[in-house]
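Welcome! Take a moment to turn the model around on your screen before reading on. The notes below go from the whole chain to a handful of single residues.

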Amino acid sequence: MTLVNIFAPETAATAPRAARPSDDAVRGPQELRGRAETVAAIAARHAASVDDRARFPEEALATAREQRLLSIMVPRELGGEGAATAEVADICYRLGRACSSAAMIYAMHQTKIACLVRHGRRSPWHERLLRRLCAEQLLLASSTTEGQAGGNVRSSQAPVERSGGRISLTRNAAVISYGAQADGVVTTARRSAEASSSDQALVVFLKEDYSLKPQLSWDTLGMRGTCSAGFLLEARGEEAQILPDPYEQIHVETMTPVAHLLWASVWTGIAADAVERARTFIRKASRQANGQLPPGAGQFAKASSSLGMLRSLVASGLARFDEASQDGRALASIDFQTMINLTKVDAAELAVSTVMTALRACGLSGYRNDGEFSVGRHLRDVLSSPLMINNERIIANISTSLLMGGTPLSLRN
């Protein structure tokens, strides 16, 4: 699979024509991109309303269901399309250019699907879930943030209680993004009441299995449509709903790399739309000045260069993940885990910088909220990127492993 061009820009002449797929269609990359563009067009149309009202992007997600995009990572033999992580990343990028909240919801959902596909195939219960997800286009939310632990996803307070093949869980979830709108929740928990906080399991509960009691509202600077409120999660189900692999393994092999790569793809999409608005502004200003470039032209050049570096960073991370994806030892290695964590850190910082530079290129026209060149929403949304699993926490966690390594002796290895 060629990965380096997944974020390649398209012109109107080369963009694929979208059409709703039939169930028996042979779906290729062009057809998949066309379906993604159909969703992106709807997402863009409603993005301002989603942001203004801090509401769930229902129109975009309804269209994603119609286009059967929620199940594309599921293997074909279970009813999906067997899409690669790079293909999903490209959809996240396209949606990020349209509506940040819709894109992030899609990225978080697909991260859960990746965990189920890689770590649930030995479980009949999870295979049945994947088939049902394909048939009904279920939307899965994530619950990994709990109580006072903040973004420390490798620590859980609430334990899974077991009794006669049944399980129960009561969890004070500080954040469950789109929890009230999802069809199910994938949550971390202590494996048992006797287990340590780091001995975790990953459990899937469907809507009929749990209740959500609101605890914290969601009134934020950006990413307002993700509806990431806090809830008391009270759930019951079968013991079979626990994924067979320990969460420690799921975290390093799937959760961390897929989440970081898909999030970074969303942020890259946000930055790309901000740069495109800056490009349009510079062109219009130049035409109105008889070809003389406006003061912001230099900032646009910097933003465009920064976006190129950001796209290359994410594409490189996707390529590294693709190379290691079938090797659990490679995925768990210090070298890979350091790389994938730094990809998240660097992508977040670079995305913020790119959008800020695009704002400077547009000047007051970009600062306004009521014009075609506004990038205020883009900046507010992308400012969440260093905070989603705080960059400072990540850097602190990998500092020891970085000290154990060495400085490369050449540019090529």
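With 413 residues, a compact globule would have a radius of gyration near 22 Å, and the chain agrees with that at 21 Å. The radius here is taken over C-alpha atoms, and the globule rule is 2.2 Å times the number of residues to the power 0.38. Please keep in mind that this is a predicted model: local features need pLDDT of at least 70, side-chain atom pairs count only at pLDDT 80 or more, and totals for chains, interfaces and linings use all residues. Residues are numbered from 1 along each chain as its sequence is written, and side-chain values use heavy atoms, with hydrogens and water left out.

**The whole chain**

- You can find 12 helices and eight strands in the chain; helices (H or I, at least four residues) and strands (E, at least two) are DSSP runs, numbered from the N terminus.
- The C-alpha trace spans about 80 × 50 × 45 Å along its principal axes.
- Of the 413 residues, 55% are buried, where buried means under 20% relative accessible area, exposed means over 50%, and partly exposed lies in between (1.4 Å probe, protein chains only).
- Among contacts between residues at least 6 apart in sequence, 75% join residues at least 24 apart; a contact means heavy atoms within 4.5 Å.
- The accessible surface comes to about 18300 Å², and 51% of this belongs to carbon and sulfur atoms. Such areas come from the Shrake-Rupley method with a 1.4 Å probe; for residues, only the protein chains shown count as cover.
- The chain has 46 positive and 42 negative charges, and their mean positions are 4 Å apart. Lys and Arg count as positive and Asp and Glu as negative, while His and the chain ends are not counted. Each charge is placed at NZ of Lys, CZ of Arg, CG of Asp or CD of Glu.

**Helix H3: Ile91 and Ala89**

- Ile91 lies in helix H3, which covers residues 85–98, and Ala89 has its place in helix H3 too.
- Ile91 counts as buried because its relative accessibility is 1%, and Ala89 counts as buried because its value is 0%.
- Leaving aside neighbours within four places in sequence, Ile91 is in contact with Leu32, Ala36, Leu69, Ile72 and Tyr106.
- Ile91 and Ala40 are 51 residues apart in sequence, and their C-alpha atoms are 8.8 Å apart in space.
- For Ala89 and Ser265, 176 residues apart along the chain, the C-alpha atoms are separated by 5.6 Å.

**Helix H12: Ser401**

- Look for Ser401 in helix H12, residues 391–404.
- Ser401 is buried because its relative accessible area is 18%.
- The side chain of Ser401 makes a polar contact with the side chain of Thr338 at 3.4 Å. A polar contact is a pair of N or O atoms within 3.5 Å; within protein, one must be able to donate a hydrogen and the other to accept it, and residues adjacent in sequence count only if both atoms are side-chain atoms.
- The side chain of Ser401 also reaches the backbone oxygen of Ile398, at 2.8 Å.

**The loop between E7 and E8: Met223 and Arg224**

- Met223 sits in the loop between strand E7 (210–216) and strand E8 (230–238), and Arg224 is placed in the loop between E7 and E8 as well.
- Met223 is not a glycine, yet it has a positive phi of about 50°.
- With 4% relative accessibility, Met223 counts as buried; Arg224 is buried with 15%.
- Apart from residues up to four places away in sequence, Arg224 touches Asp51, Asp52, Ala54, Ser101, Trp218, Asp219, Arg380 and Asp381.

**The loop between H6 and H7: Asn290 and Leu293**

- Asn290 is in the loop between helix H6 (247–288) and helix H7 (297–324), and Leu293 is found in the loop between H6 and H7.
- Leu293 counts as exposed at 54% relative accessibility.
- Asn290 has a positive phi of about 55° although it is not a glycine.
- Setting aside neighbours within four places in sequence, Leu293 is in contact with Ile282 and Ser286.
- Leu293 and Arg283 are 10 residues apart along the chain, with their C-alpha atoms separated by 8.1 Å.
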